[in-house]
Amino acid sequence: MKVQMLYSFLKTDIELIEQELANAVASNAALIQQASESLLKAGGKRIRPVFVLLGAKFGDYEIERVKNVAVALELIHMASLVHDDVIDDAELRRGKPTVKAKWDNRIAMYTGDYILATALEYITKVEDLSAHQILADTLVEVCVGEIEQIKDKYRFNQNLRCYLRRIKRKTALLIAASCQLGAIAAGADEKTHRQLYRFGYNVGMSYQIIDDILDFTGTEKQLGKPAGEDLRQGNVTLPVLFAREDPKIRKMLETVHEHMPKAELEGVVRLVKQSGAIEQSYAISNCYLGKALGTLEQLPDTRFKKMLADLARYMGKRKF
């Protein structure tokens, strides 16, 4: 099943979640509502809610119960984007002005906090206490990952383990939790929801590596932000770690800074692309993707397992 067909199959439930997201960000405070709605209207693939829905298909699927988990996970993701844009001083997100660009950093930070608090309200509707513990642990790790990313900015001598640990916290754990919490909300057995967690973790690692590759290979139109923007912000990604093995490129990387002229940044990006680092990064991403698909083999043989495999392949092979 192609990804478009998968989304079509889940269309009714996704639309319900979309409406619930709109309800969730509604506020009596007009400014908070405007800021939250601007982020919601910027769109997104709703990857995390889709993983929640598919994870729930391995249990007693009931959308009215499962939607609370899906909404909570997407709200947490949205809140992290608002905060990230403040940290990175980003003007664009998905090709549209960020909350901090349209208002200011203070409004953006409190908007992110408001969205996060709303997410916690939704997860309290899930009766299984283990779901609350999993989400709380995930949030702690996400916050640690964000702090680590700030600490590691422009530190081009960091090792591969540091990078992998950071993207685990930044991206993989929330996708893993989406798969697992969907299953838990639907009453799936422990073996199943733990396997779904492992699947989501490996998909999340592959997904983030692809995202880091696209910062070098994508266009501004595709990315919704200037190419090389992660590098400009000092985020040391997998292509950078591979490219720095070349002494000439390592020396160029050490000159990167936030206000680097566009032409100079484009020169560094070009060198990274020519170094073979992109191909090496794809190989690591494919390794995680292979692990994810292997994990699925241990799940019940249903049409939903194939849907998860198709979604994982799409995420691991996407071009933007």
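Helices (H or I, at least four residues) and strands (E, at least two) are DSSP runs, numbered from the N terminus. The model is predicted, so local features need pLDDT of at least 70 and side-chain atom pairs pLDDT 80 or more, while totals for chains, interfaces and linings use all residues. Residues are numbered from 1 along each chain as its sequence is written, and side-chain values use heavy atoms, without hydrogens and water.

**Exercise 1.** Find which helix gives the most residues to the lining of the second largest pocket.

Solution. A pocket is an open set of points on a 1 Å grid over the protein atoms alone, where a 1.4 Å probe fits, with protein on both sides within 12 Å along at least five of seven lines; lining residues have an atom within 4 Å of a point.
- Step 1: the lining includes Glu-220, Glu-229, Arg-232, Lys-262, Leu-265, Glu-266 and Val-269.
- Step 2: helix H12 (229-232) and helix H15 (262-274) each give two or more residues to this lining.
- Step 3: H15 gives the most, with four residues.

**Exercise 2.** Locate Arg-46 and Tyr-154, then state whether each is buried or partly exposed.

Solution. Buried means under 20% relative accessible area, exposed over 50%, and partly exposed in between (1.4 Å probe, protein chains only).
- Step 1: Arg-46 is in the loop between helix H3 (30-41) and helix H4 (47-56), and has a positive phi of about 55°.
- Step 2: Arg-46 is buried because its relative accessibility is 7%.
- Step 3: Tyr-154 is in the loop between helix H8 (129-151) and helix H9 (160-185), with a positive phi near 60°.
- Step 4: Tyr-154 is partly exposed because its relative accessibility is 29%.
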